[in-house]
Amino acid sequence: MMPMTFEVSSSVTLLFDFWDVHGPAGMVLSVFVVLLLTVLYEVLKVWRVWLGCSSKLARAPSVYATAQSMHSDSNTVLDSTPSESSLTPMEPPALNTRHRYTRHSLLLHGIQTLLHIVQVSLGYMLMLCVMSYNTWIFLGVIVGSVLGYFISFPLLGQV
């Protein structure tokens, strides 16, 4: 029977029967593996957000360029004001350009979906590790989360 309270022990079974830890060396290695998995979880989270932001930024200049090209031959001040330019009907981009952006965004969405599957699976595995009620494993998850956040989230500001 598994304990239902946190315990400080050097023996625990994590996730699978073959991951049976007995002794301090095995516990240190297991905590390190759990810590690395938690850092990977945080990096995947940021990578998904970064892909979403980069796909939005890649599409934004094309719309802006289309609006600017429509007004490039206009010489009056009234035509270039934001209120007038927003009322000007915009022509859709050429079919080839639209098809390319659709294929590109579909590929990005597919990659984000795969990353989401890996992230959710990894999150549940880490939750099950914490549910072993071993204090060392719990601390490995917490420290890995802090370390992963510290490493990866500043990279998100560079988008």
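Here are a few friendly notes on this structure, which is a predicted model.

1. **Overall layout.** The protein contains two strands and four helices.

2. **Surface and contacts.** Of the 159 residues in the protein, 21% are buried. The accessible surface amounts to about 11,000 Å², and carbon and sulfur atoms account for 71% of that area. If you look at contacts between residues at least 6 apart in sequence, 72% of them join residues at least 24 apart.

3. **The length of helix α4.** Helix α4 covers residues 135-156, which is 22 residues. At 1.5 Å a residue the helix should span 32 Å, and its end C-alpha atoms are 31 Å apart, so the two values agree.

4. **Details along α4.** At the start of this helix, a side-chain oxygen of N134 comes to within 2.9 Å of the backbone nitrogen of W136. Further along, there is a kink of about 25° at F150, shortly before the proline P154.

5. **Buried positions in α4.** Which residues of α4 are buried? They are I137, G140, V141, G144, G148 and S152.

6. **An aromatic pair across the sequence.** Four aromatic pairs are counted in the model. One of them joins F6 and Y133 in an edge-to-face arrangement, with 5.6 Å centre to centre and 75° between the planes. F6 itself is partly exposed, having a relative accessible area of 44%. F6 and Y133 also belong to one aromatic cluster together with F138.

7. **A stacked pair.** For F16 and F18, the ring centres are 5.2 Å apart and the planes are at 0°; planes under 30 degrees apart count as stacked, so this pair is stacked. F18 has 71% relative accessibility, and because the cut-off for exposed is over 50%, F18 counts as exposed.

Notes:
Residues numbered from 1 in each chain as written. Predicted model: local features only at pLDDT ≥ 70, side-chain atom pairs only at ≥ 80, totals over all residues. Heavy atoms only, no water. Expected span 1.5 Å × (residues − 1). Bend = angle between axes of the 7 residues up to and from the residue. Buried < 20%, exposed > 50% of the residue type's maximum accessible area, 1.4 Å probe, protein only. Polar contact = N/O pair within 3.5 Å; in protein donor to acceptor, adjacent residues only side chain to side chain. Contact = heavy atoms within 4.5 Å. Areas by Shrake-Rupley, 256 points an atom, 1.4 Å probe, with all protein chains shown as cover. Phe/Tyr/Trp six-rings, centres within 6.5 Å; stacked < 30°, edge-to-face > 60°.
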